[in-house]
Amino acid sequence: MGGKPFGKALGDSFGGSGRERARRRGQGQLEAQVLAALHHSPGPATAAWVQERLGGDLAYTTVMTILSRLHAKQAVTRERSGRAYVWTPAADEAGLAALRMRRVLDGEPDRDAVLTSFVSALSAHDEQLLRALLDRATADDPATPDASAPADGPATAEAPTTDPGPGRHHPSDEARGG
């Protein structure tokens with residue numbers, strides 16, 4: 001993406017000097033900007049490359065801290081290149097959003113309630129999409145019950161059920177009201 005800084009490309013709504021701008025950005029916003037820079041890189045990128053694309057107003061150590069946090073969250077991967085690391089997004093933006101959703105869900109003590117609330121708030125279009133995705137996942141996985149079987153009916157011998165383990169639930173359970 002040429003040499004255009006991402007800080008400028010994402011908008012100059014922060015105003016002020018570089019230090020004031022950096023102070024006004026929250027950690028989540030910095031992480032999003034760093035990930036955006038990595039997504040636009042032609043390949044694995046160094047922290048210095050990311051810093052330059054963000055407009056250079058952030059300290060190198062700040063960029064390294066954000067990259068290290070993203071690595072701990074499994075949002076980026078890194079590998080040694082000489083004395084430095086090169087960084088790569090672990091997934092596309094949709095995959096990273098899904099990772100954040102799973103982390104939120106994993107942090108909640110009542111998964112059933114969270115998923116029930118989430119599914120009940122979906123638009124009709126999103127609900128249809130989720131049902132289609134769950135049906136496709138069920139059809140692709142021979143270890144799951146047949147998608148055409150009633151959700152509250154007994155499992156047949158041809159479609160053995162799998163127990164996801166204590167405290168864990170199959171995502172289709174909540175989507176089907178179970």
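Buried denotes under 20% relative accessible area and exposed over 50%, with partly exposed in between (1.4 Å probe, protein chains only). The model is predicted: local features need pLDDT of at least 70 and side-chain atom pairs pLDDT 80 or more, while totals for chains, interfaces and linings use all residues. Residues are numbered from 1 along each chain as its sequence is written, and side-chain values use heavy atoms, without hydrogens and water.

Leaving aside residues up to four places away in sequence, Leu-38 touches Ala-45, Val-50, Leu-67, Val-76, Trp-87 and Pro-89 (contact: heavy atoms within 4.5 Å). The backbone oxygen of Leu-38 is also reached by the side chain of Ser-41, at 2.8 Å. Ser-41 lies in the loop between helix H3 (27-40) and helix H4 (47-53) and is buried, with a relative accessible area of 13%. Helices are DSSP runs of H or I of at least four residues, numbered from the N terminus.

In H5, the buried residues are Val-63, Ile-66, Leu-67 and Leu-70. Seen down the axis of H5, these residues fall within an arc of 95° and so line one face of the helix, the arc being that of the directions from the helix axis to the C-beta atoms. The face turned away from the buried side carries the exposed residues Thr-61 and Ala-72. Gln-74, which follows H5, has a positive phi, near 65°.

Terms used
Helices (H or I, at least four residues) and strands (E, at least two) are DSSP runs, numbered from the N terminus. A polar contact is a pair of N or O atoms within 3.5 Å; within protein, one must be able to donate a hydrogen and the other to accept it, and residues adjacent in sequence count only if both atoms are side-chain atoms.
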